[in-house]
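Subject: Handover of a structure and the findings on it

Dear colleague,

Please find below the structure that I am passing on to you.

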Amino acid sequence: MAARAGWSMSELPELNPVIHGKLRLALLSLLTTVEEAEFTWLRARTGSTDGNLGAQLAKLEEAGYVSVEKKFVQRKPQTLYRMTEEGRRALAEYVQALKQLLGTAIGT
Amino acid sequence: MQEETSAQDLRERLALIESMIAEGRRRTQSWGWVFLLWGVAYCVAIVWSTHGRDLSVWSSADSLAWPLTMSVALVVTMIIGIRKSRGQPVTTVGRAIGAFWTCVGISMLVVFPTLAISGRLDEHVFVALVAAMLGAANGASGMILRWKWQVACAIAWWVTSAAACFGSVARATALFLAAIFACQIVFGIYAMILEARRGGTRGVVHV
């Protein structure tokens, strides 16, 4: 596609593969709007299944883009997710790269 | 990776980011019931303190009208508030508004009993102070949320505050009741209708 659109591969910005997955991108975008969010809230907002959501959040945690806190509230387990500074930076860079690629696509 | 990425796919990614940010910012917490509850509580306290001695069931207890009604309203607000906010994310805006209302509530809890004990609390001072504090809380919330109806409520409270300083006690009470009806009961019901309408649509995101 890139070649078809006339993009030079050397000029193209890299899209971060960790963020590029749709659910991971949705999760990071959601987490930018809140200080912290529960697993159940993220599940409700994305309409994802427990297993898929857990797996994608684990990948984001592994990359250092989200931090996890597990605690008990009134004897019920609660898992809270926060976006890290590294995550914010990575998402900002991803959006920048995305806009740059789109600009190139529109310009060709 | 980019070789497999079409412009359409990139646009979809950008739209996904925008929609998720909008979804996250959507106010999911419902607070309309609080306005309604406190509006009803103010009315109960006013009726009780004004006409309590005429009703045998409340005889000799009308001095407790405000402290008791406000305490019950506070406990109910805390219990329902904690239950309703469970599972909701913490946002900076939400925390700022919550902190402001809490501080206004604490100010009222400090100043009114103190004025009553010192014997310096009369009906004009009471209505003017309550209305000014509610004006401040509604004004700040309305400006933060950019909600013109809440700012309008704040203006109504400030007008009530100024007007309560003049005229008879009956006039100040009537003004107070009118402001409670418009800015607590009607506004609370309006907020609850908006919250109920908003409740629905949720997107689904796949990997």
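The model is a predicted one, in which local features need pLDDT of at least 70, side-chain atom pairs count only at pLDDT 80 or more, and totals for chains, interfaces and linings use all residues. Residues are numbered from 1 along each chain as its sequence is written, while chains are lettered from A and ligands numbered from 1 in the order in which they are written.

Overall composition

Chain A contains 5 helices and 3 strands; here helices (H or I, at least four residues) and strands (E, at least two) are DSSP runs, numbered from the N terminus. Along the sequence, chain A reads α-α-β-α-α-β-β-α. Chain B, by contrast, has 7 helices and 0 strands, and its elements run α-α-α-α-α-α-α from the N terminus.

In chain A, 29% of the 108 residues count as buried, and in chain B, 23% of the 207 residues do. A residue is buried if 20 or more other C-beta atoms lie within 10 Å of its own, exposed if 12 or fewer, and partly exposed in between, with C-beta atoms placed from the backbone.

Contacts are defined by C-beta atoms, placed from the backbone, that lie within 7 Å. Among contacts between residues at least 6 apart in sequence, 57% in chain A join residues at least 24 apart; the corresponding figure in chain B is 67%.

The sheet of chain A

The 3 strands of chain A form an open sheet in the order E1-E3-E2, with antiparallel pairing. E1 and E2 of chain A are at the edges and have a single partner strand each, so one side of each lacks a neighbour in the sheet. Two strands are taken to pair if DSSP finds at least two bridges between them.

Strand E1 (residues 37-38) of chain A pairs with strand E3 (residues 76-83) of chain A over 2 bridges, and Glu38(A) stands opposite Leu80(A) there. Strand E2 (residues 66-73) of chain A pairs with E3(A) over 8 bridges. In this second pairing, Ser67(A) has Arg82(A) as its bridge partner, and Lys71(A) stands opposite Gln78(A). The hairpin of E2(A) and E3(A) has 2 residues between the strands, and Gln74(A) takes a positive phi near 50° in it.

Helices H2 and H3 of chain A

The axes of helix H2 (residues 22-32) of chain A and helix H3 (residues 39-46) of chain A come within 11 Å and cross at roughly 120°. H2(A) is therefore oblique to H3(A). Axes are lines fitted to C-alpha atoms, for helices over the stretch in contact, and angles run from 0 to 180 degrees between N-to-C directions; angles under 35 degrees count as roughly parallel, over 145 as roughly antiparallel, 65 to 115 as roughly perpendicular and the rest as oblique.

Leu23(A), Ala26(A), Leu27(A) and Leu30(A) of H2(A) make the contact with Leu42(A), Arg45(A) and Thr46(A) of H3(A).

Helix H3 of chain A also holds Thr40(A). Thr40(A) is partly exposed because 15 other C-beta atoms lie within 10 Å. Its C-alpha atom is separated by 8.7 Å from that of Asp50(A), 10 residues apart along the chain.

Yours sincerely

Conventions. Contact = placed C-beta atoms within 7 Å.
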